[in-house]
Amino acid sequence: MLDTVQQYVESNLLKTPFKNGRPGEDWFLNFSKRHKLSLKRAELLEASRAKQHRDPFIVYDFFDKLEIIMRENNLLNKSNCIWNCDETGFNHDSKEFELWLELGK
């Protein structure tokens, strides 16, 4: 977070009281309190939710909705506008991730 703020300050040539354009830990703690943020650990997809992706009723419902969206956006004959993305490039070890989220979320 501090790196992101520093990059923002530098790229926008902002004048701040931060040393070298980088806020300190105390700034971040106060920012977190003002915006009611808390640190959370990422969690893996629950097995029960993962099984739903193999349920034919859920899968067919997804594709029915996808067809409606494609028709509404005139994409049925524009396969070059459709991208397939999946999570194979993502790390699944949730112990390595920490997230700053709004308190109570």
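Glu67 and Arg71 both lie in helix α4, four residues apart, which is about one turn of the helix. Helices here are DSSP runs of H or I with at least four residues, strands are runs of E with at least two, and both are numbered from the N terminus. The side chains of Glu67 and Arg71 meet in a salt bridge, at 2.8 Å from N to O; the term stands for a side-chain nitrogen of Lys or Arg within 4 Å of a carboxyl oxygen of Asp or Glu. Glu67 counts as partly exposed at 34% relative accessibility, whereas Arg71, at 53%, counts as exposed. Buried means under 20% relative accessible area, exposed over 50%, and partly exposed in between, with a 1.4 Å probe and protein chains only.

The model is predicted: local features need a pLDDT of at least 70 and side-chain atom pairs count only at pLDDT 80 or more, while totals for chains, interfaces and linings use all residues. Residues are numbered from 1 along each chain as its sequence is written, and side-chain values use heavy atoms, with hydrogens and water left out. The pLDDT is the predictor's confidence in each residue, on a scale from 0 to 100. Its mean over the protein chain is 79, and 73% of the residues reach 70 or more. Where pLDDT is low, the predicted coordinates should not be read in detail.

The protein chain has four helices and two strands, and from the N terminus on these elements run α-α-β-α-α-β. Of its 105 residues, 13% are buried. The accessible surface comes to about 9,700 Å², and carbon and sulfur atoms hold 55% of that surface; the areas come from the Shrake-Rupley method with a 1.4 Å probe, and for residues only the protein chains shown count as cover. Contact means heavy atoms within 4.5 Å. Among contacts between residues at least 6 apart in sequence, 56% join residues at least 24 apart.

Leaving aside neighbours within four places in sequence, Gln6 is in contact with Asn20, Gly21, Arg22 and Pro23. Arg22 also takes part in a salt bridge, its side chain meeting that of Asp3 at 2.4 Å, N to O. Arg22 lies in the loop between α1 and α2 and Asp3 in helix α1, so the pair ties together parts that are 19 residues apart in sequence. Both partners are partly exposed, Arg22 with a relative accessible area of 31% and Asp3 at 44%.

The next element is helix α2, residues 25-34. Its buried residues are Phe28, Phe31 and Ser32. They cover an arc of only 100° around the axis, which puts them on the same side of α2; the arc is that of the directions from the helix axis to the C-beta atoms. On the other side of α2, Asp26, Lys33 and Arg34 are exposed. Lys36, which follows α2, has a positive phi, near 50°.

A search of the whole structure finds three aromatic pairs. The rings of Trp27 and Phe31 have centres 5.1 Å apart and planes at 20°, so this pair is stacked. Rings of Phe, Tyr and Trp (its six-membered ring) pair if their centres lie within 6.5 Å; planes under 30 degrees apart count as stacked, over 60 as edge-to-face and the rest as tilted. Trp27 and Phe31 are four residues apart in α2, and are therefore separated by about one helical turn. Trp27 counts as partly exposed at 22% relative accessibility. The rings of Phe62 and Phe63 have centres 5.0 Å apart and planes at 80°, so that pair is edge-to-face. Phe63 is partly exposed at 47% relative accessibility. Phe18, Trp27 and Phe31 form one aromatic cluster.

The account returns to helix α4, residues 56-72. Here Lys65 forms a salt bridge with Asp61, the closest N and O atoms being 3.1 Å apart. These two residues are also four apart in the helix, about one turn. Asp61 counts as partly exposed at 36% relative accessibility. In the whole structure, the search finds three salt bridges.
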